[in-house]
Amino acid sequence: MKLAIMINEGVYQHQSTDSAYQFVKAAIEKGHEVPRIFFYHDGVYNASSLTDPPKDDRNIVMRWAKLAHEHNIDMVVCVAAALRRGIKDENLAEGFRISGLGQLVEAGIQADRLVVFGD
Amino acid sequence: MGEEMTESTGGIDFEDEDASGVIKKFMFVNRKAPYGTIYALESLEVVLISAAFDQDVSLIFMDDGVYQIVKGQHTKAIDVKNFSPTYRALEGYDIEKLYVEKESLDQRGLTEDDLLVDVQVMSSAEIAKIMAEQDVVISF
Amino acid sequence: MLHIVNKSPFENRTLDSCLRVAINEPGAALLLIEDAVYAASKSGTFESAMKDALGKVKVYALWPDIEARGMQDRVIEGIKMVDYGGFVDLVAEHSNCQSWL
């Protein structure tokens, strides 16, 4: 089954992005496909290359990049939401791309389910 | 909100073969008040973009989401854009299924007359039925 | 429909709103994740509401979130535990899902 994901909150402040990560990992382990993750609202902060957590904590940004690379997940950051919050190509972490909200609607059309994580 | 709309449409892939022709039921569930947080405004941006994909779109306003469409919003003094007139423009995008949960209105002492756009007021039970029929439900 | 709630019922009314709608739908399921797992705990003021809900919808709670919050021994009987794999299965088994954010 194709499961598309939408993430609406940023890193560390809320558990939503951690829940999404565990969900995506479990979905892939079960043989499902996760074609796209769309980052919206404060979720765009998941894509900031300036994120620098303490060494003994999980690195949420790099964790996404690794998972996306290994499983060919298209990670899209909403352009309007990103520009509002200071996420641009200059500080976009590896594995993410900036595009329009149309990519979210398209994911909803093409996937079998769209699962939303947020606050 | 014209400027943001142009910007957000940048990524729409009109030529995608898979996406064309498929019509799914998209429902946007608005449960948050405007201005206090940005969810209502950014939800509206998704709704407008979805119209470009010719999908079967409906909106539900429940809980504090009903405050998004209450009449008489004046935001000059807080220096935030009043986006409430945009709800009246949805009809022009062929988004005509606007539902409001009656229980949410009652709880807040509001009636249909207090709303700035034509809506269908429904009970929780009727809303449950419509929700269950959807393909994609995004709650903001 | 699979209804997903992530807010504690003690500080937020999302679960009330979700249940108000979901109990009308035959075949509805509710999954409690993140802070919503506190709704699954025994002896609190939310227990009776949860027990009422159990008669009308299937209720699941995410075990990793229960464990993380030290709620292991307090779960109301009848609420089924799932791990992240079970969460994925619930999404796949139901024709649609909604996260009540």
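What percentage of the 101 residues in chain C is buried? Hold that thought for a second, and keep in mind that we're looking at a predicted model here.

Okay, the number: buried residues come to 49% of chain C.

Let's walk through the fold. Chain C has 4 helices and 5 strands, and if you follow the sequence along, the pattern goes β-α-β-α-β-α-β-α-β. The radius of gyration of chain C is 12 Å, close to the 13 Å you'd get from the globule rule for 101 residues, so chain C is as compact as a globular protein of that length. If you'd rather think in boxes, the C-alpha atoms of chain C fill one of roughly 30 × 30 × 25 Å, taken along the principal axes.

Now the contacts inside chain C. Take the ones with a separation of 6 or more: 71% of those are between residues 24 or more positions apart.

On to the neighbour, chain A. How many residues of chain C are in contact with chain A? There are 11, and they meet 18 residues on the chain A side. Two elements of chain C each put at least two residues into that surface: helix H4, which is 84–93, and strand E5, 97–100. H4 of chain C gives the most, with 6 residues.

How values were computed: Residues numbered from 1 in each chain as written. Chains lettered and ligands numbered in written order. Predicted model: local features only at pLDDT ≥ 70, side-chain atom pairs only at ≥ 80, totals over all residues. Contact = placed C-beta atoms within 7 Å. Rg over C-alpha atoms; globule rule 2.2 N^0.38 Å. Buried ≥ 20, exposed ≤ 12 C-beta atoms within 10 Å, placed from the backbone.
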